[in-house]
Amino acid sequence: MSSESCGSSLLLALSDDLFSIITCSLSLKDICNLGLCCRNLYELVDCEKVWLTQCELVGIVPLQDLIEWRKAVSSYKALCRFLFSVQPLMGIWVHQNPELGNVVYVMPGFVSVVGCRVIPQELGPLGIEDGPILWAPVFEIICDFDGSTAFLLHGREKGGNYVYPGLVKHVGRSCNVLLLEIEPRQLKHGSKSLLHSQSFVHYPDTELSKNICRLNSGLSRSQGVSGQGETLVPFSRLGFSDRRKLLDVVTNQIHLKVPSVAIGPLFPRLRDNEENFQKDMVLLSERRSMLLQMLKLGEGYMDSKGSSQLPFDPTQLQLNGFRKSPGQTSDFHNIISEDTSHRQSSRRKSIGRYFKDSLNQILGKSISFNGNSKNGSSSSESKYASLPEFLSSSDTIGLTLHASTVKLSSYRAWPNMHDSRFAIYKLPLRTPSVDHEYAGLWGGTFGWPPGKPTKDKPGKALFFLLLSYEECQGQQQLIATKILEGTHYVLHPNGSAMFIVNMDEPSTDPFPWDTDVDSLTVNIKHALKGEGIANGYGFRYPGSKPGSLFVFQDGHLAFIWKESRAVLTLQRLNLQELLRKGERVPALPPIANFSYLTKSYSNVFAEFPHTSSTWASAREDQSDALGENLR
């Protein structure tokens, strides 16, 4: 079809710069549809400047970083494919356990996005801005050369650092739950699995147009997949005990030990020192190449006979030889049994019940923990699928990151979470506006002056609060939800409202202090009445007592309990900048590192000894070691 017959002559006459500006007003779907009109328009749409503009519009990384990232991929179109696919994952994810706080922040790495857990901690004498924030890696999603994704779960075993490769399922634009699952990868009898992402992120550039146009035409999340009369059982239909054991077995088989030279940084430091920033970019590029090479070689893969070999896909565990026939033993039986025995000897008694069932119970004859009865007459029989049913329709299984959209109820901006899903939940981070001036993430400590240590308390507990707005009985309320608490033992439930302020009711209470930490005069912009958390009917049901929220001229906040005169001072946080200046600490074992389900009131993420010198030296020494290793 000629350009004249399709009315494209005016567009073809435009320069690349002008056309890229015009495409700023188009969606990715519209741009791809435009490229389908004729060959000339396809070549115009395929221009690098067009896709660089689209990468900017996604908004994950600034232009100067996009230019650096482009060196590692085939084109800006491939980079846009990756950025568009992971964009819904960016932001704050949480879980109810442990009660001190479980905050995972997903941020840009280097041609990747990284899930970082903020460790509950005390604030040092340098304060929030200059003191290092402790964090641990949870997962990475790396962009390959063609824009496809590679998922790596982080974890620690026997004193070593490991990654656990897997796939990323289709990421919905409004996803609010991030699940760690095991997924059958290939149906038997040659039928293909349809549960893989139908997003354009998994296709080469030539197929981008026709696949991006059907982003929203995927299968229902609750629908099974049939092939040759067999149904693919969703992982969510297994009982908790089976899901836990299957995750343990698979992660134990697919783990890849991270060489010391590849531990290095996961993202660059701030650009305030250009020399250090460029050094970080070199380290990050070499580290990324090494990790992708490890994935392709499949180090640590084990087949059904227990021998190491190079698999076709290191993210998959072959089931041939693992399935159990009636009256026979199998290697899969041994792996499950050994894995369960090992964990029973090392885990606390509180979770020992998860692993007390025998192999026959695991394979579906009787799984009391899952709620199935032996006689098959229980009404709960259809609630859970058996493990043999889950494994029967596939030849391989593998680790999967599943970003799902679930209807969740909430109370005072905190979602009600499922207590037996290996999941983390997204918190909506509202952008401040004229009507919602204080919305967003804030951090601070108790006491005045703010952040100043004393002789008896060299460090103060750091609190992270998410401030959001709600309408209640015709009045606008500001709710400060606790998502992180840096005490040694929890004082307030995770997700509780530290204070609630009526935005329409001014306070006449005076501010108790005249000067701040620098002995400067305190300037109060205005004050509002509210109620702050207090000891109520036990830990889970705290009460409240009256107080006032004071807004300073410099933008800081302080809530003061009227009776006790306790003061919580807050400042707005840029969590990405804080983490880039932060200090990395070791992760937990893989499954607990992703989703810690055991009820706890202490800091379970700080059980390892302090290793700041180790991680700091790793950044400095990695360049020479990587260069020598690659040679």
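How many of the 11 residues of strand β20 (residues 475-485) are buried? Nine of them are, and the strand is mostly covered. The legends below start with the whole chain and then move to close-ups. The model is predicted: local features need pLDDT of at least 70, side-chain atom pairs count only at pLDDT 80 or more, and totals for chains, interfaces and linings use all residues. Residues are numbered from 1 along each chain as its sequence is written, and side-chain values use heavy atoms, with hydrogens and water left out.

**View 1. The whole protein.** Here you can find 17 helices and 26 strands; helices (H or I, at least four residues) and strands (E, at least two) are DSSP runs, numbered from the N terminus. Of the 631 residues, 54% count as buried, where buried means under 20% relative accessible area, exposed over 50%, and partly exposed in between (1.4 Å probe, protein chains only). The protein exposes about 28,700 Å², with carbon and sulfur atoms supplying 50% of it; accessible areas come from the Shrake-Rupley method with a 1.4 Å probe, and for residues only the protein chains shown count as cover. Among contacts (heavy atoms within 4.5 Å) with a separation of 6 or more, 68% come from residues 24 or more positions apart.

**View 2. Strand β20 and its two partners.** Strands β19 (residues 463-472) and β20 run antiparallel and are joined by 10 bridges; two strands pair if DSSP finds at least two bridges between them. Look for Glu470, whose bridge partner in β20 is Gln477. The hairpin of β19 and β20 has two residues between the strands, and Gln473 takes a positive phi near 55 degrees there. Strand β21 (residues 497-506) also runs antiparallel to β20, with five bridges joining them. In that pairing, Ala480 has Phe499 of β21 as its bridge partner.

**View 3. Thr481 in β20.** Thr481 is found in strand β20 and counts as buried because its relative accessibility is 2%. Leaving aside neighbours within four places in sequence, Thr481 is in contact with residues including Arg412, Trp414, Phe464, Leu466 and Ser496. The C-alpha atoms of Thr481 and Met498 are separated by 6.0 Å, although these residues are 17 apart along the chain.

**View 4. Asn603 in its loop.** Asn603 sits in the loop between α16 (590-594) and α17 (612-630). With a relative accessible area of 18%, Asn603 is buried. A polar atom of its side chain lies 2.8 Å from the backbone oxygen of Pro120, and a polar atom of the Asn603 side chain lies 3.3 Å from the backbone nitrogen of Phe605. Beyond its neighbours within four places in sequence, Asn603 is in contact with Leu100, Ile119, Pro120 and His488.

**View 5. Helix α7.** Helix α7 (residues 76-86) is mostly covered, and 11 of its 11 residues are buried. Among them are Lys77, Cys80, Arg81 and Phe84.

**View 6. Glu274 in helix α11.** Glu274 lies in helix α11 (residues 274-297) and is partly exposed, with a relative accessible area of 38%. The side chain of Glu274 makes a polar contact with the side chain of Gln278 at 2.8 Å; a polar contact is a pair of N or O atoms within 3.5 Å, and within protein one must be able to donate a hydrogen and the other to accept it, while residues adjacent in sequence count only if both atoms are side-chain atoms. An α-helix has 3.6 residues a turn, so residues three or four places apart point the same way.
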